[in-house]
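Reader: I have a structure open here and would like to go through it with you. Could you start with what the database record says about it?
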There are 4 protein chains.
Amino acid sequence: MYSHSEKSQQLLSKLSQFMSEHIYPNEIRYAQALHNAPRRFAPLPLMDELKVKAKKAGLWNLFIPEEHAQYSEHGGLSFVDYAPLAEVMGRVIWSPEVFNCNAPDTGNMEVLMNYATRKQQDTWLIPMLSGDIRSSYAMTEPQVASSDATNIELSINTDGQEWVLNGRKWFITGAMYERTKIFIVMGKSDPDNTNRHKQQTQVLVPKNTPGITLVRPLTTLGYDDAPIGHAEIVFDNVRVPLENVLLGEGRGFEIAQGRLGPGRMHHCMRLIGSAQRALELACKRVSTRVTFGRPISKHQSIRENISRCFSEVEMARLLVLKTSNKIDAEGVSASVDMIAATKTTVPLLVQNIIDRCMQMHGAGGLTEDYFMAEAFNYARWCRLADGPDEVHQMALGKSIIDRYAAK
Amino acid sequence: MYSHSEKSQQLLSKLSQFMSEHIYPNEIRYAQALHNAPRRFAPLPLMDELKVKAKKAGLWNLFIPEEHAQYSEHGGLSFVDYAPLAEVMGRVIWSPEVFNCNAPDTGNMEVLMNYATRKQQDTWLIPMLSGDIRSSYAMTEPQVASSDATNIELSINTDGQEWVLNGRKWFITGAMYERTKIFIVMGKSDPDNTNRHKQQTQVLVPKNTPGITLVRPLTTLGYDDAPIGHAEIVFDNVRVPLENVLLGEGRGFEIAQGRLGPGRMHHCMRLIGSAQRALELACKRVSTRVTFGRPISKHQSIRENISRCFSEVEMARLLVLKTSNKIDAEGVSASVDMIAATKTTVPLLVQNIIDRCMQMHGAGGLTEDYFMAEAFNYARWCRLADGPDEVHQMALGKSIIDRYAAK
Amino acid sequence: MYSHSEKSQQLLSKLSQFMSEHIYPNEIRYAQALHNAPRRFAPLPLMDELKVKAKKAGLWNLFIPEEHAQYSEHGGLSFVDYAPLAEVMGRVIWSPEVFNCNAPDTGNMEVLMNYATRKQQDTWLIPMLSGDIRSSYAMTEPQVASSDATNIELSINTDGQEWVLNGRKWFITGAMYERTKIFIVMGKSDPDNTNRHKQQTQVLVPKNTPGITLVRPLTTLGYDDAPIGHAEIVFDNVRVPLENVLLGEGRGFEIAQGRLGPGRMHHCMRLIGSAQRALELACKRVSTRVTFGRPISKHQSIRENISRCFSEVEMARLLVLKTSNKIDAEGVSASVDMIAATKTTVPLLVQNIIDRCMQMHGAGGLTEDYFMAEAFNYARWCRLADGPDEVHQMALGKSIIDRYAAK
Amino acid sequence: MYSHSEKSQQLLSKLSQFMSEHIYPNEIRYAQALHNAPRRFAPLPLMDELKVKAKKAGLWNLFIPEEHAQYSEHGGLSFVDYAPLAEVMGRVIWSPEVFNCNAPDTGNMEVLMNYATRKQQDTWLIPMLSGDIRSSYAMTEPQVASSDATNIELSINTDGQEWVLNGRKWFITGAMYERTKIFIVMGKSDPDNTNRHKQQTQVLVPKNTPGITLVRPLTTLGYDDAPIGHAEIVFDNVRVPLENVLLGEGRGFEIAQGRLGPGRMHHCMRLIGSAQRALELACKRVSTRVTFGRPISKHQSIRENISRCFSEVEMARLLVLKTSNKIDAEGVSASVDMIAATKTTVPLLVQNIIDRCMQMHGAGGLTEDYFMAEAFNYARWCRLADGPDEVHQMALGKSIIDRYAAK
C-alpha cells in the first residue's frame, strides 16, 4: 500500500480524534449559526473557536509542503502525506478552514511563499498563515472561456507608479467573505505580445481598493457556499502601486500553471472524504430503515450499490495517491497527465457515489439534514472548477495518443 | 405520431405565445422579486399579475380532465392533450402556477372533485379553482418509509364530534406558502384493521387550526423552492369536525392510489419541457462560445452530446405520450405498469440530460443565471417524490416477470 | 398509440403464429443443421423448407413498400406497418430470410426496383423476389473510413464496352453465401470531379465474374454469421458490360443515400424484437432459478433490472415508430435527423438490455443455448454498420445545434 | 507507488522482451495455425515451440508463489510481484500457456501443491509443472446456480475401494483440450450433512476414465476458446480409487474456498493487460485514420474517450495491486472484501474500455484482425466466471454495511 510517513500517521490519528470531538458534534450548531448569522458572509464565532482549538492541537496549516517547512510547525508534508489528512477534512464541507487548509487560501499562500517579495509576504502571507485574514484568486471571467488562460480580458495597464485594472471576474471564491482582505488578480498587461503566455500579469489588490464592486454572490445548484461564497466582481479603474506585481510583468501565466495543479489535487483528496462519509452514512441508513417488513440492507440492489460505492471510493483514493506520489517524486510539471486523469475522474465518480447514497436516504437525503446534498454540489462544481473536465481530457487524450501513436 | 386534438393544438399555440410574451421576459424580474421579497414564502405580486393575464387568455386550469369538464372553461382535456401543454409550462419552473396548473394543487383539486362533499367543495375547491388559495397534501413522514403507505403513523382518532390528529409530516409541498389555507392529511385511524388498506383516513385540515406547527422549510440540493416550499409540520392534538373527512373513514388508501398516478405523470410531462429547454439553451451556448480558436459547437464531443440529449428527449416524450394515451383509453388502474415505467425513467433521463447541458455552459451553467440548475434539482427530487424509483421498479419488475414467467 | 393498419395487424397475427409453429420449434434443428453443414456457407435445406411454408402462408416479401406494391401479393406496407413485423422476425436472428426479408437483400431489391432497367430487373430482381438467389452490396473498404463515401477507392473505369473494377472491399454481407449470385458494387469512376458526390458509380457484378476473389469470411465477436457471412473481396481487373451500370455513371452516391436510411431502420426494428425476446427469456429464467433458498425473481436488483429493460424496450420501440411514421409522411430525406437519432440510440440500448439479460442467465447466457449472445453481437455490429454511430451523431448534433442556435 | 521487487522487475523486463520477440510477431501465425488445425482442440506445434523458448528464457511457472518456492526456478513470487507479469501476458489471450501460467492449470497446480499426497503429486503435479499435460477443474453445473457451492448435485459415493461419480458439469475450461489428462471434480458425497460446508468432496479423475462423455464444447459470444475450450461433460458411473480423494472426504468446500480467490485475481491481472493493449492499439489507430480531412485523433470525442480509457486502466491496475498487496500481507481469507471489489469491478471496466477501443477501430475492431474482440469476450465471461458478479457484490455489500452499520 502507499506508505504514509509516521508524522502523517500521527497527524491523521490526531485529526480524526479532533473531528470526533469538535467537528461532527458541531455540525448542527454550525448550520444553525450560519442560518441565524446577521449577515450571510460574516465570519462565524464558532469557526474562530474551533480554529483556536485546532492550532492548540497542532493541526494547523497542514497543507504546507516540505519545501516551505519554515512556515509550519509540523515541518512540511509531502502530497502523499497530506492526502489522508485532506480526505478526513473532506468529511465535513466547512471543516478545512478550521485547520487553515481551505481553498483558495492554501493555493494563494503557496503563491505568496513561492513568488512574493519579503514585503508582500509580511503584509499578506503572515496574516493568512495565522488565519487572521482570507484571500481570493481572481482569474475566471464570465465573457470568455477562462479555461484557456489566453482568453482572459481584464486589462492591467501601468499609469505612472500604478497598475490600473479594468474588467469583470466571476466565481471568485472567498471574495464575499468579510474576512477576506486581499485578491490575487490575473489580467492581461501585454495583449499584443506574440508569445501568448507572456501577455498576463498577476497583481495583489486589497479588497477595499476603490473601484472594486462585489456585484453579487453566485450560487451553484442552489448553494451560495456562505460564508465563503463565490463572487462576481467588477474592477473599474482600480489602482494599486507597481510594487504589487507578483513575480514580474508578463509572468502571470507561469504563476497560474504552478498554482492550479496542486489545487485540483486538494479538491480530489477532500472529495474522497466526502464520498467515504456518504458511503458510511448510507450503510447506517440501510441498516436501520425498514420497508415492506425488512431492513433495506437486505435488498440485493442495496448491497450491489454499496459494493459499487466501496469499490469506486477505493479506486478514486488510489488514483489520488498515485498522482500524489508522482508529484512528490517528479514534480508538478512531470505529473500533468496524472493530475488531469485525477481531476477528470474523481469528481465525477464522487458525484455518482453521493447520488446513490442520497437515493438510499429517501427524500431526506437531499436535505440539509445530511451533508450529502452539499457534498454533491461540491463534486459537481469541481467538474467545472479550474477548467471544465473536457479541457483537461483534451490535453490528456492528446498526450496519451502521442505516447502510443504509430511512429 | 400521437395525435393531439384541435383544441389541444390551439391551446398549445396560445400557451407558447403567452410564454414568449409574458413568461420568458419576466424570468429575471421574477428571480429578483423573489430575492427581494419581504418574507421568503409570501406570494409575489408579479405572480398575481400574470395569473390575471393567463385567465384572460383562456389559459386557466388546463389540467382539468374531461370527466370534470364542468369545472373548466375549456371543456376538459385528456392526458394526451394536456401533455404538450404541461411540457411547455415545464420550460420555466415557476410558470405552472400562472396557469393554476402547479403541483400539488392540481392533484388536490382532483381529489376534491372526485371525493369531496358539496359543502367541502364550496369551501375549498372553488377558491382553489380560482387561484385564490393554495393547498397541501400531507402524506410523507420522516420516521417511516412512506412509500409503503401502510407505514404511516400520524394518528387520526375520533373524539366526540371531532377528529384529533397527532404526528409529524415532512416534504409537504406548498405548506410554507402564505397563500396556502388547507391541508389534506393522510393518517391512520384504524391501525389494527387486518386489512392494511383500510387503516388510513384522509381529512381536510385548515392550515390555521391550533396545534399545527410549521417546523421549518426543507431544502433539496440547496433549493427551498420558495415561495411554494416543502415543509416539516407537527400536528399536536389538532382538532377538526368529523365532517372534514374525505370519502369516509378507512378510505384514505383508496384516495391516495387514485391521486398519485396522475401526479407522477404531470411531473414527467413538465420535466420533458425542462429537458427540451436545457437542450435549446445548450445549442445556443455552444454556437456562440469560442475556445482555442473555434466555436465549441464544432467539437465532435459537443455534437455527440447534443445528439444524445435530442434522442433521449424524444424517447422520454414518447414514453410520456404512450402512457398518457393508455390512461385516456383504459384508466389509471390498467396503466400502473406504464406509469411506473415513466416515473422511473423520465426523471433520471432528464437529470442526465440537464447535467450535460449545464456542463456545456461552463461554471455559469450551475448558477441562477440559467434555469438549468433549478431544473436539475426538480428532476433529482422527482426520483424520490411520490415514492423512490426503486419502489416502483420493484412493482413493475414483479409485474413484467409475472407476465412472461415460465408457466 | 401509433396505429397500424388492419392489414398490418392481420399479417402480424399470422406471422406470430408462424413463428410459434415453425420457427421457435426449429431453432435447435437450425443450429444443428448449420453445425453439421458440409460447407460453412452452403444453403440449408431447412431454410428452403421454411421458405416454402412462409410463401404459402402469405408471409413473403413483407418489406415491400407501398410504392412498389406491384412486386408483392400483400399490396405494399408503410414503414409503420412493417415495423412490428420486422420486430417479430428480430426474435430469431436467422428468421428474416424465411420471409425473404433479410439484409442486405431487401435493400438491394429496393435499389433494383428504383433504379434498374427492365432488363436488369428481369435478370436479377425477379429471382431475388422469389428467393432463388441472394445478393450483396459492396461498399465498405478496409483501407479507408467508408462512412465518408467520398473516401471510397475501388476504381471503376470504362474500357471499350466494359467497366473494369479494381480494388478491395470488406464486410460484404452475404457474399460468402453460396446462394448469392450478384453484387452491387460502389466504386469511383471520376475521382477528379470537383463535385465530390458525382465521383461514384454503382455497377452490377455477377459473383462468378473472373477476377473476383473471396479472400475470407470476417468474424465479429467470434461470429461468422454463416451461412450468410461477411466477406473480404478483391476485385482484380473485373470486367462487366457497360449496361450493368445502375442509374448512370456518377450517380452512385445518390443511390447510396436513398438505400442506407431504410436499411438502418430495418436493423433497428429487428433489434427491438431481439431485445424484447431477451427480456422475455430473462423473465422466464429468473422465475425458475433458485439461489440461496429463493427464486432470483424475488431479488430487488433483478426486479430493477427487468424494470429498466422493459422501459428501455418501450422507448426504443416508440422511437422506431415515430421515425417510421415520419418517413411514411415526409420521406427519407426529410427524416434524416430522426433516422440518425434512431440508428445511434437503438443498437446501443439493445446491446445493454441484452447484456443484462445474459447476466441474469449466468454463464449459460453467453452460450449458443440461447439466442442472446448472437443477438448481442448483432446489436454490437449495428453500432458500426452503415457508418459508425459517431458519424451520424456528428451530423445530427450539427443539425440540432443549427436548429436552436442563437441567430 | 506499489513497489515491485528487483526480481519482479527483472522478470518483467525479460518477459516484455520475449513478448516483443516471440509472441506479438507470432499472433497471425498462431491464428492461422488454429484455423488450419486438423482438430479444433489439438495442441498446436507453435505453442510447443514457444514453450521451449520460454523455459529456456527462465520465464516458466511464474505464477508459483513464495510458499511453494521449491517448485520453481525463480524462487516464488508474491501477488504484487506476479501482477505486472500476468498483466503483460494478458496482452495476448493465448500467451499465458507459453509460460505455463494459464487458467485453470495454475489454480489446479496450487491445489495439488497444497492438498495432494506425494503420490498424487508425482503422478499429476509434476507433468503439469513441466507443461506436459493440462488439467480441468470441474465444479460448475448447468442445472443449479453453482455460485452457491452447496447447490452442487453431482454425486460422489463410495463403493468398495472406489468413488463413483454421477452427474453433469459444464463450463469446464480445458476439458476439450487434447493435452488435458486430469480433472479435479467437485461433487456431493454427504448431502444430508447438517453442516452444508461438509457435504462436498473433491477427487482426481483421469480424463480417460470410462463413463466420462465430453458432450460438447461451449461457446461464449461466439468463441469456443480453442484449443483450450469450455466443455459440457457427463459423468455416468465414473469410478476412481478411493486414494484419488483430495485432502479428505467432506473437505471439498474448503479446497474450493482457497482456490478461487487467487484465480479471480489472476484473471483481473491479465485483463489489465488486455485493456492496456486495447488502449495502445486505439492510440495507434486514431493517429493514422483520416475522416473528413483530418486524423480522427484530433476529434475532441476521441481524446475524451482515450482519456477515460487511460484513467480507468490506471484505477483498475491500482485496485489489483492494492488487493494483491493485502493478500501478500494478510492472506486470502482476510482479503475477501478486496478480492470481491476487484473481481466485480475490473472485468466490467475492462469490457467497457475495450468496447470503446473497438468502436474507434470501426468495423474492423470487431474482427479477428485485432485481439480486441476476443479480449472483450474474455472480460465479458469473467463477469460470470467463478460466480456471477452479483453474488460477490451481495457478500461485499453485506460486509461493508456491517462495517459501518449503526450499532
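Author: UniProt, in an unreviewed entry, places the feature "domain: Acyl-CoA dehydrogenase/oxidase C-terminal" at residues 250–400 of chain A. Please keep in mind that what you are looking at is a predicted model.

Reader: What is the helix and strand content over residues 250–400 of chain A?
Author: That stretch of chain A is 77% helix and 3% strand, and its end C-alpha atoms lie 31 Å apart.

Reader: And which residues does the record give for the "middle" domain?
Author: For "domain: Acyl-CoA oxidase/dehydrogenase middle", again from an unreviewed entry, UniProt lists residues 137–238 of chain A. Over those residues the chain is 0% helix and 50% strand, with the end C-alpha atoms 16 Å apart.

Reader: What about confidence, for chain A and for the model?
Author: The mean pLDDT of chain A is 96, with 100% of its residues at 70 or more, and the model scores ipTM 0.96 and pTM 0.97.

Reader: Switching to the interfaces, how many residues of chain A are in contact with chain C?
Author: Four residues of chain A are in contact with four residues of chain C. On the chain A side, these comprise three polar residues, one charged residue and no nonpolar ones.

Conventions
Residues numbered from 1 in each chain as written. Chains lettered and ligands numbered in written order. Predicted model: local features only at pLDDT ≥ 70, side-chain atom pairs only at ≥ 80, totals over all residues. pLDDT = per-residue confidence, 0-100. UniProt positions renumbered as here; feature names shortened; annotations may be inferred. Helix = DSSP H or I, 4+ residues; strand = E, 2+ residues; numbered from the N terminus. Contact = placed C-beta atoms within 7 Å. Nonpolar A, V, L, I, M, F, W, Y, C, P; charged D, E, K, R; others polar.
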